[in-house]
Amino acid sequence: MSTPEPPRRVRVTSPRTSAARRPLTPTGTREIDEQTRLGQVYMQSLIQSQLRLTLAVIGGVLLVLGSIPLLFWLVPPTRTLAVLGLPLPWVILGILVYPVVYVAARIYVRNAERIEAEFTEFVGRQ
């Protein structure tokens, strides 16, 4: 007794091989990839938003940290004031500066991610 042969495989293909395909990428992404004028405008917009955010965060940090010497100059007793046995300038420059920089970095990252998400959503809708 012989074993029955398995059924033969049949390849099924579409008769419409030349049918127009729908583009997989959104128009905005395609504009950027092909480096068209509209794509350049999109990228300039993103870069300007990121630059504006960067300058705002740097300006805020410079304002806060730049006011420290101004404080010592305008209020002379702060130069000799002691906090927990340490001179106030050391406390400010050695301890309090780092949380300011950390908060500025967190603000920058959160807003940069928001800008990029909004840009991606906008370009993806096009």
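Leu-84 is exposed, with a relative accessible area of 84%. Exposed means over 50% relative accessible area, buried under 20%, and partly exposed in between, with a 1.4 Å probe and protein chains only. Leu-84 sits in the loop between strand 1 (82-83) and strand 2 (86-87). Its phi is positive, about 55°, although Leu-84 is not a glycine.

This is a predicted model: local features need pLDDT of at least 70, side-chain atom pairs count only at pLDDT 80 or more, and totals for chains, interfaces and linings use all residues. Residues are numbered from 1 along each chain as its sequence is written, and side-chain values use heavy atoms, with hydrogens and water left out.

**Overall layout**

The protein has four helices and two strands. From the N terminus, the order is α-α-α-β-β-α. Helices (H or I, at least four residues) and strands (E, at least two) are DSSP runs, numbered from the N terminus. Of the 126 residues, 18% count as buried.

The expected span of a helix is 1.5 Å times one less than its number of residues. A bend at a residue is the angle between axes fitted to the seven residues ending there and the seven starting there.

| Helix | Residues | End-to-end C-alpha distance | Expected span |
|---|---|---|---|
| Helix 4 | 38 residues (88-125) | 54 Å | 56 Å |

Helix 2 covers residues 37-74. It bends by about 30° at Ile-68, and Pro-69 follows within four residues. Ile-68 is also one of the buried residues of helix 2; others include Tyr-42, Leu-46, Leu-53, Val-57, Val-61 and Phe-72.

Helix 4 has a kink of about 40° at Leu-96, shortly before Pro-99. Its buried residues include Leu-88, Val-91, Ile-92, Val-97, Ala-104, Ile-115, Phe-119 and Val-123. The polar Asn-111 is in that buried set as well.

**Annotated transmembrane regions**

The unreviewed UniProt entry annotates residues 53-75 and 81-105 as "transmembrane region". UniProt positions are given in the numbering used here, feature names are shortened, and annotations may be inferred rather than shown by experiment. In the model, residues 53-75 are 96% helix and 0% strand, with end C-alpha atoms 33 Å apart. Residues 81-105 are 72% helix and 16% strand, with end C-alpha atoms 30 Å apart.

**Surface patch**

Which residues form a nonpolar patch on the surface? They are Leu-70, Leu-71, Trp-73, Leu-74 and Val-75, with about 500 Å² of accessible area together. Accessible areas come from the Shrake-Rupley method with a 1.4 Å probe; for residues, only the protein chains shown count as cover. Patch members have over 30% relative accessible area and no salt bridge; like charges are joined within 9 Å, nonpolar side chains (Val, Leu, Ile, Met, Phe, Trp, Tyr) within 5 Å. Leu-74 counts as exposed because its relative accessibility is 54%.

**Salt bridge**

The structure holds one salt bridge. That term means a side-chain nitrogen of Lys or Arg within 4 Å of a carboxyl oxygen of Asp or Glu. Here the side chains of Glu-118 and Arg-114 meet at 3.3 Å, N to O. Both residues lie in helix 4, four residues apart, about one turn of the helix. An α-helix has 3.6 residues a turn, so residues three or four places apart point the same way. Glu-118 is partly exposed at 44% relative accessibility, and Arg-114 is partly exposed at 40%.
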